[in-house]
Amino acid sequence: MLKLGNISLEVPFYQAPLSGYTDRAMRVLARAYGAPLTYTGVMLDMIALNKKASRKLLFRPGVDEKPVGAQILGANPETMAEAAKSFVNVGFDLIDLNFACPAPKVLRRHRGGYLQKEPETVIKIIQQVRDSVMCPLTIKLRAGFDSSQESRDKFWQICRKAVAEGIDAIVIHGRSVKNMYRDKGDWEIIKAVKRQFPQATIVGSGDVMDAETVVMRLKTSGLDGVIIARGAIGNPWIFKEARALWEGKPRPEGPALTEQGEVFLRHYELIAEIRPMLKSVRYFRKFAVGYCRRHPQRRQVQAELIAARNRDELYAAVRKWYGVG
Ligand SMILES: Cc1cc2nc3c(=O)[nH]c(=O)nc-3n(C[C@H](O)[C@H](O)[C@H](O)COP(=O)(O)O)c2cc1C
């Protein structure tokens, strides 16, 4: 069990926020296959305060998605607090503050991972958001801005103060902001945070690509939880498999090709509900790459699915390779 404030999850892992991926479609499937909690991709605080976006309620979660978290990005404590309130008002159950995003355009605007250089701003944001919402509040960090000692010191300073502020969890991706996705994530630093703050809830992230790794990390790290990020793209089954292994059961048989094809099409249709057809086919390609990984003729299948230019071609390729649709 994993407790995030007053929300208890049956299993100590959940769907990580993934910008450009964890929209409603991916969240619904992750949940259907056993994720006890899902998150939006990171959203700029201003989106919640933008009248047009708010009117259309583009970011309102479905009633079938409980519990679901919103992750917010921004640098101004007041707008972050306002945004958190808006997200809670439209139905999100938890708020996660992003101090991890390494995208250059985010860093240029002094948001996301950049704020690991400014522990005082991070703490002000936590305090103001804490005062504006009652729901569980968590933060996402990387292991410092870069590999310097100064960055490491600031990372510890943020952890220490966040714990003192009563943050409901610190989620740590064990790479520095500057490191982006190079090298392997450093789990030693995440474990060290848990050792330093045993009462705090510490959740780890990095290179959790299959169910075995989920369980290995949980059993060997002493952490309270782990999040599943890239490992869940086109692979909702990872949650079912991780649940079984965590509960000491045998690994379930992998999904039959027909089930893979059905889930693939269901995912596409959920996306098509909110995007025009041509855009949805293009948008879906990145998920198709993930789904193909389980197919024995992965490369050929991937090439054909990616070449599909419209819905009919996508369905034809799925019929050919998965026998459904
Ligand atoms: C395409 C992509 C989008 C991501 N978007 C977000 C995001 O919106 N918010 C966030 O906190 N982390 C984001 N991450 C980081 C992941 O949540 C996770 O911490 C990281 O990928 C390490 O885990 P993994 O190696 O198991 O994928 C993103 C990662 C990827 C690859």
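Two residues are taken to be in contact if their C-beta atoms, placed from the backbone, lie within 7 Å. The structure is a predicted model, in which local features need pLDDT of at least 70 and side-chain atom pairs count only at pLDDT 80 or more, while totals for chains, interfaces and linings use all residues. Residues are numbered from 1 along each chain as its sequence is written.

The chain is divided into domain 1 (2-246) and domain 2 (257-322), with bounds from an automatic or database domain assignment. Eight residues of domain 1 are in contact with ten residues of domain 2. The side of domain 1 that touches domain 2 has five nonpolar, two polar and one charged residues; Ala, Val, Leu, Ile, Met, Phe, Trp, Tyr, Cys and Pro count as nonpolar, Asp, Glu, Lys and Arg as charged, and the others, Gly among them, as polar. The C-alpha centres of the two domains lie 29 Å apart.

An open sheet is formed by eight strands in the order β3-β10-β9-β8-β7-β6-β5-β4, with parallel pairing. Strands (E, at least two residues) and helices (H or I, at least four) are DSSP runs numbered from the N terminus, and two strands pair if DSSP finds at least two bridges between them. β3 (13-15) and β4 (38-44) each have a single partner strand, so one side of each is left without a neighbour in the sheet. Three bridges join β3 to the parallel strand β10 (residues 225-228), and Phe-13 stands opposite Val-226 in β10.

The shell around the ligand has seven nonpolar, nine polar and three charged residues.
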